[in-house]
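Here's a quick briefing to read with the model open beside you. Take a look at the structure, then work through the points below.

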Amino acid sequence: MVNFRGIIIQAMKFTKAFISIFFTLLLIWALQTKISLVPPLGKFLSPADGFWQNAESKHILPTLDLKLKGLQGKVTIKFDENHIPHIFAQNEHDLYFAQGYMTATDRLWQMDIQTRQAAGRLAEVIGPKVLDIDRYHRRMGMVYGAEKTIKAMMADPVVRNMILAYTDGINSYIHQLSPRSYPIEFKLLNYAPEDWKPINCAFLLKLMSETLAGGSNEFAMTNILRKFGPATTNDLFPDYPMHEDPIIPTGTKWDYFKPLPIPKPSANFLAGMADSTNTKPRVEGIGSNNWAVAGSKTASGYPILANDPHLNLTLPSIWYQVQLSAPGMNVYGVSLPGAPCVILGFNNNISWGITNVDADVLDWYQEKFRDTKMEEYWYNNKWNKTTRRVEKIEVLGQKPVYDTVVYTHHGPVVYQNNAQKADGPDFVPVGHSLRWIAHESSNELMAMYLLNTGKKYNDYRKALTFFSAPASNFVFASKDDIAITPNGKYPLKYKDQGKFILDGTDPADDWHGWVPFEQDPTIKNPPRGFVSSANQSSTDPSYPYYINWSFAPYERGKRINDRLSVMTKATVDSMRILQTDVYSIRAQDILPTLLKYIDPTKLNAAQLSAYDQINKWDKNFTPNSIGATVFSNWWSQLYNAVWGDDFADKTLQNNFPSVDRTEKLLLNEPTSKWFDDIRTPAKETAADIVNKAFAAAVKEITDRCGKPGANWQWGKFKKMEIASLSRQPAFGSGNFESGGTASTVNALHDGHGPSWRMVVQMGPKVKGYGIFPGGESGNPGSFFYNDMFKTWNEGKLKELLFMQSVNEQSPRIKSTYTLTGK
Amino acid sequence: MLFFIILILSFASGYFLPWWIVAVISFLTALFIGTTAKSSFWQAFIAVLMVWIVLALFKSIPNDHIMATRIAHLFHLPGWGYILAVTGILGGLVGGMSALSGLLLKRAFQKH
């Protein structure tokens with residue numbers, strides 16, 4: 001009896017112990033597992049493994065010795081007060097090894113995620129919700145293009161050594177990591193960094209091509225042509241704007257080359273144009289500025305170069321500042337994390353900068369397939385075989401997805417049918433193949449290497465022949481010369497070939513070879529004493545080749561040219577002031593006309609207040625300006641009111657006529673039928689629409705900001721923040737006040753803006769100045785994550801520490817790393 | 001005694017072993033020298049909580065709590081102190097539960 005009771009008690013004890021152990025193990029399992037979007041909490045929060053390990057100390061080691069396998073000699077890295085590495089190596093191999101090592105130290109996760117994005121490998125670490133993004137990148141041919149490019153790069157011994165050394169440097173860093181020292185984002189997403197591969201360098205360059213030359217409006221334009229007919233389409237979407245101030249000044253002679261014969265338009269194109277009855281939309285605000293001023297216009301007598309590329313701003317910063325020094329080379333500037341070399345910068349002899357050309361290098365071909373199997377397509381009057389490429393996409397927690405992409409000789413059929421497109425981008429037409437410059441093999445890193453080591457104008461010209469895409473306006477300055485070249489590999493096309501969807505069956509619609517590099521538009525030491533670009537038209541219509549039919553609006557370019565024309569004795573500070581200029585050429589062009597239509601006696605109190613503000617406005621988009629808020633809203637209301645009714649059809653994808661064409665309507669054609677709102681029985685004129693837009697603008701601002709007052713100021717009205725790449729608001733900048741808008745030189749707009757401002761004073765002793773919105777470190781727990789933001793936001797530059805030798809002393813040097821082989 | 005052993009072992013291991021080692025330490029310590037369920041749980045709870053908070057502060061103070069503040073915001077908490085408290089309590093819970101399990105297992109094998 002007693003014994004029996006003892007057994008029960010014993011059993012209960014075991015049960016209790018097991019229950020406790022069970023729940024303890026359950027707790028530990030839960031804390032070690034990523035549940036939905038929540039990181040494994042035990043791992044993530046514990047001081048041993050978690051985010052606390054990523055809290056960087058403010059106490060910086062003054063010296064550090066590192067033994068790294070693979071180094072051939074000694075490398076010394078000096079860090080300045082912004083933790084910018086100044087790398088001194090005894091040979092180029094070690095130089096790029098150290099660049100890879102340092103970039104990985106500061107930016108490993110950024111490099112990993114951007115490569116994954118380009119390669120369509122996000123779902124592997126994030127899960128099925130991003131599978132469509134991966135499929136899109138695969139089907140657009142990003143991997144196809146990167147594979148061709150890395151092959152071309154590896155065939156060039158200089159670039160091959162550069163990429164291999166850079167890759168080894170990155171991997172040398174990755175191999176010394178333990179899970180507790182992984183960058184924070186790996187811990188948040190719960191995956192481990194993988195080895196870097198040379199092709200990743202190609203992926204990053206393709207990603208740049210996608211950002212800057214990966215959109216198109218051909219699908220929308222074709223629908224517009226079908227709806228409105230050729231006469232109206234040509235009227236509303238002209239090939240050259242009313243207002244323009246092209247990069248290569250108007251009237252420049254093209255006598256430095258004999259152009260190739262221009263291909264004849266295809267039958268399909270001509271038919272579309274004769275008929276009298278019958279890709280990702282491009283983003284405004286991704287533009288950039290650069291210019292160079294000749295010594296005749298500067299205080300020092302030597303040229304000054306300036307560049308500020310505008311991109312979608314992120315934290316970690318898009319760029320990574322670095323100085324690279326080895327025998328035969330000493331260059332300073334910004335690099336792209338994941339690619340060797342300096343991309344924008346200067347050395348003791350030359351400086352260079354880049355803006356986007358926006359060439360028409362992405363075309364859609366309407367294909368005629370024999371049947372739904374898509375094994376054959378009609379081209380050149382016969383059936384031709386398609387090829388197939390199988391993309392294997394790994395998906396977190398699921399079986400891999402195998403996606404077959406059909407290729408014609410043009411390129412991939414991005415979406416074969418509507419089911420496959422599903423929620424894919426609107427601009428991609430179903431059943432069409434894609435011809436895109438990013439599919440070409442290219443060797444941009446050679447261009448960069450030649451610029452990094454360049455000494456004079458001829459080196460610059462030679463470097464450009466290696467740069468295919470994205471086509472860029474390369475500005476140049478040396479002690480003696482200034483120059484600019486809208487440079488890239490331009491397909492040889494008939495005029496407007498690619499304004500609309502092309503006919504895949506007709507060889508006349510193929511790309512007809514390439515414009516020879518030496519025939520790209522270029523200008524050296526022009527009489528006006530400066531060169532500049534701001535994404536406007538590359539040339540006037542007299543240039544023999546077709547580059548594109550529309551470019552960014554001319555306003556930034558016009559303002560820059562207006563200012564530079566009158567500038568004398570220019571200094572670095574003159575350039576800085578111009579980079580942060582917020583004067584609105586758009587307001588200058590149209591505000592007087594808009595105001596003529598307003599009768600102040602018919603306004604209510606809020607409208608009258610807005611009217612007074614805009615009347616006395618100096619046309620500057622300063623943060624405290626109320627006129628800027630009124631004008632900006634008034635203009636966008638007007639623009640939408642003019643076109644929103646006629647272009648309401650969803651297939652037109654909101655592809656409205658340009659700002660320039662709308663201005664022409666307002667200034668020269670006030671009785672045009674386009675002002676009539678076809679949704680109302682009344683016949684509206686320009687006066688009606690301008691007044692309606694004004695009332696709507698005032699209402700919108702009042703709804704958002706209350707009665708007229710300080711809340712109406714542009715800096716308070718406009719939302720601006722630098723978002724984090726991990727899309728975590730806690731890792732971003734938060735909203736901040738700023739001036740400028742997309743059409744001002746300081747183009748801060750909707751999260752876009754100057755990702756790097758650089759000014760270089762050439763001369764016997766070159767001096768560089770620069771700033772970017774963020775910091776060198778990609779770690780949100782670092783003092784160097786966002787330390788340069790404040791200076792950038794104040795519109796100031798920092799003098800760059802351009803060291804001439806490893807032994808140069810400077811109070812700005814805070815620490816020194818010594819790297820040796822092992 | 002239990003408290004000090006867990007405190008010292010957890011602290012030392014925090015520099016080179018994964019986070020769940022505190023569970024093993026608490027479990028084994030209670031298994032060998034635990035006395036009552038209540039005291040085992042609470043001694044381990046307090047010991048691990050203290051170790052985690054101290055180790056976290058070692059990292060966070062020279063960082064001016066930049067990282068802890070960002071992570072607090074990530075979890076929609078107002079400041080770094082909150083994420084520190086959550087860290088401590090989580091560690092404490094793992095330690096406490098493990099010690100309790102150790103103690104109960106020891107009891108189950110004990111003859112009385």
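Which residues in α3(A) meet which residues in α9(A)? From α3(A) they are A:Gln114, A:Thr115, A:Gln117, A:Ala118 and A:Ala119, and from α9(A) they are A:Asn200, A:Phe203, A:Leu204, A:Lys206 and A:Leu207. This is a predicted model, where local features need pLDDT of at least 70, side-chain atom pairs count only at pLDDT 80 or more, and totals for chains, interfaces and linings use all residues. Residues are numbered from 1 along each chain as its sequence is written, while chains are lettered from A and ligands numbered from 1 in the order in which they are written.

**Helix packing in chain A**
- Helix α3 (residues 92-119) and helix α9 (residues 198-213) of chain A pack at about 70°, axes 9 Å apart (axes are lines fitted to C-alpha atoms over the stretch in contact, and angles run from 0 to 180 degrees between N-to-C directions).
- So α3(A) and α9(A) are roughly perpendicular (65 to 115 degrees).

**Where the chains touch**
- Contact (C-beta atoms, placed from the backbone, within 7 Å) links 35 residues of chain B with 33 residues of chain A.
- On the chain B side, α5(B) gives the largest share, 14 residues.

**Chain B itself**
- Chain B has 5 helices and 0 strands (DSSP runs, numbered from the N terminus: H or I, at least four residues, for helices; E, at least two, for strands).
- The C-alpha trace of chain B spans about 55 × 25 × 20 Å along its principal axes.

Note on methods: Parallel < 35°, antiparallel > 145°, perpendicular 65-115°, else oblique. Contact = placed C-beta atoms within 7 Å.
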